[in-house]
Amino acid sequence: MRSTNIKNDLLKDIKVAVDKIIATDTQAMSTLNLTAALRHKILDILVSYSKDIPHPASGMAEHSGLSNTLIRWQVLAYVASIDLTIVKWFESHLDALSILNEIGYGKVAKGLWAVWAAEGHPDPLRYEQGKAIGHKAWCSGAGMVDYALVTYRNSNNQSQLMIIDMHQAGIEINNSEWQAVGMQATDTATVKFCGVSASLVGKENAYLDRAGFWHGAAGVAACWYGASACLASYLTTAYQQKPNDYKAMYLGEIGTALAITQQYLYYAADLIDTEPSLCHELAIRQLRAQIEKVARHTVEIVGQALGAAPFCRNAHFARLSADLPVFIRQSHGAFDLQKIGELTNLLHSNSTHGQANVWQL
């Protein structure tokens, strides 16, 4: 079993910087409630560390010997433990930088980036003579992003990436459809592009076909895990302050689930860094399904153990508990399990180790 006492100097530095910002806000220190202004200050600090946060599948860290992918996930999990709105913005920013790095894009402009890749709007985004025209839905951080890395379907119905500078006239942001209570503060909108300048990057289907598509999907799951582990820590504290058998039972149940999932995160990070050219779709789909299950279970079990008080009196606990069920819906539930089943069956069929059962030890 991998030790949980892992030295990550980058994470230590980021924690110190974020703690300093929170310490300057008396309200945040006393109530654990984040204002919009404080969220943006924390995000600005995090973005300033972007160049130091390793891309996934970039091997082992030179000085610590840690998996670079794990270092990245530890940062994301930590930010998620503070606030899922902030990590939603920050993960998208880091993902954009990693995508551009993976497809060999040159110098990336400074500022806040986002990846907007959802499809399905009745007036889909198009690219015509250097201009972006149409709508893009599910755009988090729409009103604050400097640059958007956006997908659209070209004339061959292939996914194509483009970069759009969001500081242009002709961009309309509509937040009216975003009625979520959880993740309410993410500034998620439908964006209308009215013939604004855009630049194509990468080849057709570069966004979907690259190995990093799945490596990035695992990073989102690390965010879910970070929030789940933080919620569980409230149960640990409650048990230490006032132990009883029921709290111990709940702590044992959720602690087991988190410990097993933590080990799988270590395994997946090592897998990605030792075989960076492979997408590891099955392993990452399984990881995401496991973390989604643990996240849902954590919200339920910790709530049962602690009762109504933290939901009503602790702003941080209440916010995480409301945000996490919405955030994990980036998973696709039954569809993901279906794909896991199909890939598992394929693994059985292609087994070259003489094993009738790929799960046998």
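Predicted model: local features only at pLDDT ≥ 70, side-chain atom pairs only at ≥ 80, totals over all residues.
**The antiparallel sheet**

Strand β3, spanning residues 131-139, and strand β7, spanning residues 189-197, run antiparallel and are joined by seven bridges. Another residue of this pairing is lysine 131, whose bridge partner in β7 is serine 197. The two strands belong to an open sheet of four strands, which follow one another in the order β2-β3-β7-β6 with antiparallel pairing. At the edges stand β2 (126-128) and β6 (171-174), and because each has a single partner strand, one side of each is left without a neighbour in the sheet. From one strand to the next the twist averages 10°.

The pairing of β2 with β3 is antiparallel and extends over three bridges, with arginine 126 having isoleucine 133 as its bridge partner in β3. These strands form a hairpin with two residues between them, where glutamine 129 takes a positive phi near 50°.

**The mixed sheet**

A further open sheet of four strands has the order β1-β4-β5-β8, and its pairing is mixed. Here the edge strands are β1 and β8 (199-201), each of which pairs on one side only, and neighbouring strands are turned by 30° against each other on average, direction ignored. Helix α5 packs on this sheet, where it touches β1, β4, β5 and β8, and the direction of α5 makes about 85° with that of β1.

Within the sheet, β1 and β4 pair in the parallel sense over four bridges, whereas β4 and strand β5 (residues 159-165) pair in the antiparallel sense over seven bridges. Strands β4 and β5 also form a hairpin with five residues between them, and in its turn asparagine 157 has a positive phi of about 60°. Strand β4 is mostly covered, since six of its seven residues are buried.

| Residue | Bridge partner | Strand of the partner |
|---|---|---|
| Alanine 114 | Alanine 148 | β4 |
| Tryptophan 116 | Valine 150 | β4 |
| Tyrosine 147 | Aspartate 165 | β5 |
| Arginine 126 | Isoleucine 133 | β3 |
| Lysine 131 | Serine 197 | β7 |

**Nonpolar cores**

The largest nonpolar core has 97 residues, and those with the most contacts inside it are Phe90, Trp116, Ile164 and Phe193. Helix α7, which covers residues 212-241, gives the largest share of this core, with 16 residues. A second, separate core has 12 residues, including Leu97, Trp113, Leu161 and Tyr207.

Which residues does phenylalanine 193 touch, when residues up to four places away in sequence are not counted? The contacts of phenylalanine 193 are Trp116, Leu125, Ala132, Ile133, Gly134, Lys136, Ile164, Met166, Gly170 and Ile171.

**The largest pocket**

About 1300 Å³ of space lies in the largest pocket. Its lining is made up of 44 residues, and those that lie nearest its centre are Lys88, Ala118, Tyr207, Gln330 and His332. The elements that give two or more residues to this lining are α5 (84-102), β1 (113-116), β4 (147-153), α6 (206-209), α7, α9 (281-306), α11 (315-327) and α12 (334-349).

**Threonine 344 in helix α12**

Helix α12, one of the elements that contribute to the pocket lining, holds threonine 344. Is threonine 344 buried or exposed? Threonine 344 counts as buried because its relative accessibility is 11%, and the cut-off for burial is under 20%. Leaving aside neighbours within four places in sequence, threonine 344 is in contact with Leu282, Gln286 and Trp359.

Methods
Residues numbered from 1 in each chain as written. Heavy atoms only, no water. Core = buried A, V, L, I, M, F, W, Y, C linked by side-chain atoms within 4.5 Å. Buried < 20%, exposed > 50% of the residue type's maximum accessible area, 1.4 Å probe, protein only. Contact = heavy atoms within 4.5 Å. Pairing = 2+ DSSP bridges. Axes fitted to C-alpha atoms, helices over the stretch in contact; angles between N-to-C directions. 1 Å grid on protein atoms, 1.4 Å probe; cavity = no way out; pocket = protein on both sides within 12 Å on 5 of 7 lines; lining within 4 Å. Points joined across faces, edges and corners; volume = space filled by probe spheres on them.
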